Amino acid sequence: MTKSKNIGPLQLFSTILLLCTVASLKAQIKVSEYGRYDSIVVVSNLGDTMVNPWAGGINNAQFTEWDFNKDGKKDLFVFDKDHAAPRIFVNTGEKGKHAYKHVPEYEHRFPRMWNWALMVDYDGDGKEDLFTAAEIGDIRVFRNTSVGTEPKDITFEPILFKDPYDSTKRVKYITTKFDLNPGFIYTNVFNLSSDIPGIVDVDHDGDMDIIAYGSSSNSTYLYENTCKKLYGHADSLLFELNELCWGRYSENFFDFHLDLNACKGKSPQLNQHGRTGSRHEGSTILMRDFDYNGQIDILLGDVSFNKLVMGYNHGTSRAAKITRQDTAYPSDAPSSTIPVDLNNFPAAFYVDANNDGSNNLVVCPNAVSNFSNYNNVHMYSNSGTTQQPVFKLAQKDFLVGEMVEVGSNAFPLLIDIDGDSLNDILVGSFGVWTQSSTHESRLSYYKNTGTKTNPKYNLITRDYLVLPQSQDTGLYPTSGDVDNDGDLDLFIGTDRGNILFYENQAASRGDSVILVHQPTPFDTVVFGKSIRPYLFDIDNDGKLDLLVGSQLSGIKFYKNIGTKATPNYNNNNVTLNWADIYHINELGFGNLSITIADLDTAGKLIDSITDIKSQRNIFVGTSTGSLFRYVGIDSTGINLLMPSLDSVYHYTTDLSISLGDITGDDKLDFIIGQKSGGISALLKDGGNIVLPPPEDTTDTVGVIQFSYNNDVNIYPNPTTGKIYVEFDPQQKLDTPIQIRDLSGRVVFVGPLTEDSSVDLSAFPTGVYWLEISFDNQKQFKKVVKVDQ
């Protein structure tokens, strides 16, 4: 028996107060309702208006074409490995740098992707489908099921494949038929997560095949799509491992060239998820007929080199043979051509980059570390034709030259540099990769030359401030009145974990800042690794305390043990996990950035507050690309009263944030820094609401949902020919009988004969599912066809 519990007046009052507080908090702003706004004008230091300044930068991207708006012009699908998300660019019809315009409102329509992603129309319906890495490596496919051109019309359907372990189940990654001689099983189409495979109709039979490096192999495997050969159409992906040494070449062990007429591919291994080869640790593949001889050639990049190698195929459609190579492609073009030299692990793509009607060669790094992250998208113009290209290096900053770009891990700060009461932008970063194999960091200064309600930013310099060392790695700025003299000073966190202090020595707050590096008592203190500092009076004692995000999962709170004019922080006075805020990515890194804003119930910025429990808002950017909002701190300033109220995923990784009012409406705006080296803007009103990607609700139990019913009987089963279907004669069939193979493809549709049979004599041996429907309820029966 459950006893009732009396509630006292004090407890009742506390409960009502908490409910009122929660209701008040929910009435405030939601970061999930902010809109991404790409229309703020940004001007380069050369005086040119940037075309896509807020697109977020590019580090290690792949480029493929697709006509998503069905206007007859190929648009660009760009997937950047560093931010694990797509960037969509619409074809404007103009030539040159104005050929493509960023349209972020389409990006949330794509499923989550990893490592690489390419758009290829495998089923011939005129809509490019999506191929990407599976979470465990290998290859995943999403069929393009879009029905219109608006963002809401863009949809993708995951394709499932036969489970290697259970033929009645399906898996999310592509599997291939593997001959055991005698018999066969299914195993994964092996592709290292670092590799980009070749997806092309290599044998000219009308369906898409896959070329990829085998496990522990320096030769390429041909996974032949047998759909057209078996069924006369190309609407499915039914792979067989056909060759272990496509093109009869292998990659040389010692340097990057091809050993021709060498078939040394090892026997394939089964279920190879997570394996890495002893020699082959990464390759990129681009396949097409480059010399216009009717055979598919192969253009390769390698993880250990900065160049591309072209292998020319002079074999046949059924027996490829690489007989000639260019080991510094494109060195066999006109003498003025500069061969590809891009640090490191270059990947090549073939798209019409400048809208001149002929495809261009676009090259970008595919590495995950130690790669060129500035001037890193090389575009070769084509003075020939798409069929017979003649390449010449035209630019090193295709697309990315029209963006705000600072290398990797952009870290913005809204601050009034010139004393005009308008928020300018300083952008720090992890740095730009240099020839000395280090990252060199600088601060970029974008001056707001617009108005209070209509901002406009001009790049003044990429080298703002004189650093105490000739160079540094990782510069992450924040501001505050550190010396209590009425103006804003600068703290800069570094990758090595120290903090640089720049005192503002301007005569008055209305003057342009004059920032001078000064020593501090904490110069030698290491606050963490790759630290992102933030200044705020957390404990309400009138002194600026220090919050530090780093590679750890939490936030450190350093109490100011100095004075208002001379702050001091050390590791003896630190709260390691401030407010119990934790966020990490799959590698265990937090890389958290933090900002705090005091807001009224309408979400407007206020200078002073009366209740830190309901008006103090904490915003946290995370390594996973999400922005979280927390509200409510207790009287100590250390403990949160409530968990995160809302969040928004921003289609990037290592998200950093700076906040302020840049549109003159007293409402909170965000500038977002991204790992790929660029920034974007989120505004309270206007722009495109950032929506989450579709959830992956794929049921891997099967394409078909199996339900069993004893009211239906099938015999003989197994069968060599006819099967007979028995069911209650009072039941009426809703639709004709359907039979599907294990890929879910319908192989028979029709009525039962007079003797209630279906003839399977012409069907290949294997397992099938018979679908029968009574009273709008589908039932399935497993049927096994065997040889006579």
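Reader: Which residues form one aromatic cluster?

Author: Please bear in mind that this is a predicted model. One aromatic cluster is made up of Trp66, Phe68, Phe77, Tyr106, Phe110 and Phe156.

Reader: How many aromatic pairs does the count come to?

Author: Rings are paired when their centres lie within 6.5 Å, and by this rule there are 28 aromatic pairs. Take Phe491 and Phe501: their ring centres are 5.8 Å apart and their planes stand at 80 degrees, so this pair is edge-to-face. Phe491 belongs to strand E36 and Phe501 to strand E37, 10 residues apart, and the pair links distant parts of the chain.

Reader: Are Phe491 and Phe501 buried or exposed?

Author: A residue is called buried under 20% relative accessible area. Phe491 is at 0% and so counts as buried; Phe501, at 8%, is buried as well. Phe522 and Phe527 form an edge-to-face pair too, with 6.3 Å from centre to centre and 75 degrees between the planes, and both residues are buried.

Reader: Where does the charged end of Arg532 sit?

Author: It sits over the ring of Tyr476, 4.6 Å from the ring centre. Arg288 lies over the face of Phe290, with 5.4 Å to the ring centre.

Reader: Why does the largest cavity lie between domain 1 and domain 2?

Author: Rolling a probe the size of a water molecule over the atoms shows where empty space is left. Here there are four cavities of 30 Å³ or more, and the largest holds about 100 Å³. Its lining includes Arg36, Glu105, His650 and Ile689. Domain 1 (58-402) and domain 2 (408-689) both contribute lining residues, so the largest cavity lies between them. The lining comprises five nonpolar, three polar and three charged residues.

Key. Residues numbered from 1 in each chain as written. Predicted model: local features only at pLDDT ≥ 70, side-chain atom pairs only at ≥ 80, totals over all residues. Heavy atoms only, no water. 1 Å grid on protein atoms, 1.4 Å probe; cavity = no way out; pocket = protein on both sides within 12 Å on 5 of 7 lines; lining within 4 Å. Points joined across faces, edges and corners; volume = space filled by probe spheres on them. Nonpolar A, V, L, I, M, F, W, Y, C, P; charged D, E, K, R; others polar. Domains from an automatic or database assignment. Phe/Tyr/Trp six-rings, centres within 6.5 Å; stacked < 30°, edge-to-face > 60°. Helix = DSSP H or I, 4+ residues; strand = E, 2+ residues; numbered from the N terminus. Buried < 20%, exposed > 50% of the residue type's maximum accessible area, 1.4 Å probe, protein only. Lys NZ or Arg CZ within 6 Å of the ring centre and 35° of its normal.
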